[in-house]
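Hello,

I am passing a structure on to you, and my notes on it follow below. Please have a look when you find a moment.

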Amino acid sequence: MRIVPINLIPEGTKLAKTLYSADGRVLLRAGIELDNAKMDRATQLGFKSLYINDAFSTDTIDDLIDTKTRVESIKNVKDSYDAFDDYVKAYDAGKMGQWKLSEMRYEYLGGLKQTASGIIDVLLNRKNLTINIQDIKQMEDYLYQHTVNVAVLSVLLGMDQGLSEDDLENLAVGALFHDIGYNFISDEILNKTGELTAEERAEIEKHSYMGYQHLKDDVDINSHVRMIVLQHHEWLDGSGYPHGLTEDNIHQLSKIVAIADVYDALTSDRPYRPALPPSEAIEFLLGHANRQLDGPLVKSFIKLITPYPKGTLVKLSNGEIGIVEHLYENFPLRPVIKIIKQLATTVEMIEIDLMQEKNIVIEGVQYEIPNHSVGKYVKS
């Protein structure tokens with residue numbers, strides 16, 4: 001299966017990955033044939049890209065966590081964030097006292113801790129912990145899906161660093177809370193599709209401090225979690241916010257969440273830009289390593305990413321187009337490729353190994369296949 005922008009998917013293509021809403025409802029089920037009506041519906045529901053199976057890519061790619069855990073986690077985060085919003089509004093309006101607010105906060109904290117434990121348990125029981133899939137997010141529920149993804153990616157990097165289970169729990173809970181401060185930012189600014197003004201950007205940048213302020217006096221939330229909420233936008237060179245901290249003044253768990261946060265944001269469709277492929281997100285992380293993001297952590301993180309997962313359609317430096325067929329461990333940029341040869345009445349697939357063809361490199365992801373509908377397909 002491969003990820004393709006909806007506007008480039010031809011009718012009759014089969015959906016490879018079921019689409020869910022944040023509350024767990026099935027929106028479009030894997031296996032259905034996509035027509036213009038279904039793709040219009042997906043677009044209206046807030047999706048920009050879909051995973052498809054076609055003549056060139058039919059293999060299934062395993063996600064880091066199973067669908068049941070992911071859907072339940074997103075629903076729990078949504079319910080917790082929505083409850084949080086209701087409680088804060090009631091407190092601000094004088095309809096709820098401090099004691100009741102603390103009691104309610106304890107309840108949703110318990111729910112997020114349970115979610116964190118579920119994510120950790122699933123990852124600890126996986127053998128292959130490479131990141132070889134992008135999560136398709138519904139625009140309307142982006143915050144909740146992004147929050148779960150950041151928790152998954154943070155725990156994955158934490159496991160790679162050999163963190164204890166206690167630290168992994170703090171990491172996961174902190175990641176699930178990291179954007180809780182967005183509840184204090186107006187929806188008008190959060191949902192704006194155009195470029196933010198300087199004033200709106202300044203308002204957005206308050207979210208980490210406001211989230212921390214809300215949680216700082218809660219005895220059920222430890223200091224590690226609070227530091228993640230406060231510091232996940234602090235950069236090593238002091239250019240981050242809210243306090244412009246540098247290097248060793250930033251908590252180690254915050255540095256981990258910062259990397260996961262940036263990577264998932266880059267590889268997600270947003271109203272103002274399409275998702276970047278993993279290869280370009282890796283370039284961004286490397287470009288900001290040691291200046292803004294922790295260099296050794298970035299190096300560890302990108303080793304976990306498969307930049308061109310099996311089934312990805314790619315363009316090569318010799319101008320040819322092919323499909324990633326096989327990946328070599330520790331050499332993700334030199335896979336086996338099946339080149340698509342367009343003949344007069346057929347499309348032939350010819351295999352080349354980039355470990356052997358040293359003069360050929362992958363230039364990037366390709367979404368469309370020229371004249372792909374001509375003739376029949378002949379696989380080598």
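**What turned up**

Lys338 has its place in strand E8 (residues 331-342); strands (E, at least two residues) and helices (H or I, at least four residues) are DSSP runs, numbered from the N terminus. Before I go on, please note that this is a predicted model, in which local features need pLDDT of at least 70 and side-chain atom pairs count only at pLDDT 80 or more, while totals for chains, interfaces and linings use all residues. Residues are numbered from 1 along each chain as its sequence is written, and side-chain values use heavy atoms, with hydrogens and water left out.

Back to Lys338: its relative accessible area is 11%, so the residue is buried (under 20% relative accessible area; exposed is over 50% and partly exposed in between, with a 1.4 Å probe and protein chains only). Lys338 and Thr18 are 320 residues apart along the chain, and 27 Å separates their C-alpha atoms.

Next come the aromatic rings. Rings of Phe, Tyr and Trp (its six-membered ring) pair if their centres lie within 6.5 Å; planes under 30 degrees apart count as stacked, over 60 as edge-to-face and the rest as tilted. By this rule there are two aromatic pairs. Tyr81 and Tyr144 make an edge-to-face pair, with 6.2 Å from centre to centre and 85 degrees between the planes. This pair links distant parts of the chain, 63 residues apart: Tyr81 is in helix H2 (residues 67-92) and Tyr144 in helix H4 (residues 142-160). Both Tyr81 and Tyr144 are buried.

Tyr263 and Phe301 also form an edge-to-face pair, at 5.3 Å centre to centre and with 75 degrees between the planes. Tyr263 belongs to helix H10 (residues 252-266) and Phe301 to helix H12 (residues 295-303), so this pair ties together parts that are 38 residues apart in sequence. Tyr263 and Phe301 are buried.

H10 and H12 lie at an angle of about 45 degrees, their axes 10 Å apart (axes are lines fitted to C-alpha atoms, for helices over the stretch in contact, and angles run from 0 to 180 degrees between N-to-C directions). That makes H10 oblique to H12 (under 35 degrees is roughly parallel, over 145 roughly antiparallel, 65 to 115 roughly perpendicular and the rest oblique). Where do H10 and H12 meet? Gln252, Lys255, Ile256, Ile259 and Tyr263 in H10 meet Leu297, Val298 and Phe301 in H12, contact being heavy atoms within 4.5 Å.

On to helix H9 (residues 223-231), which packs with H10 at an angle of about 45 degrees, the axes being 8 Å apart. H9 is therefore oblique to H10. His224, Met227, Ile228 and Gln231 in H9 meet Leu253, Ser254 and Val257 in H10.

Arg226 is also found in H9, and because its relative accessibility is 17%, Arg226 counts as buried. Leaving aside residues up to four places away in sequence, Arg226 touches Tyr212, Leu215, Lys216, Asp218 and Ile221. Of these, Lys216 is 10 residues from Arg226 in sequence, with 6.4 Å between their C-alpha atoms.

Best wishes
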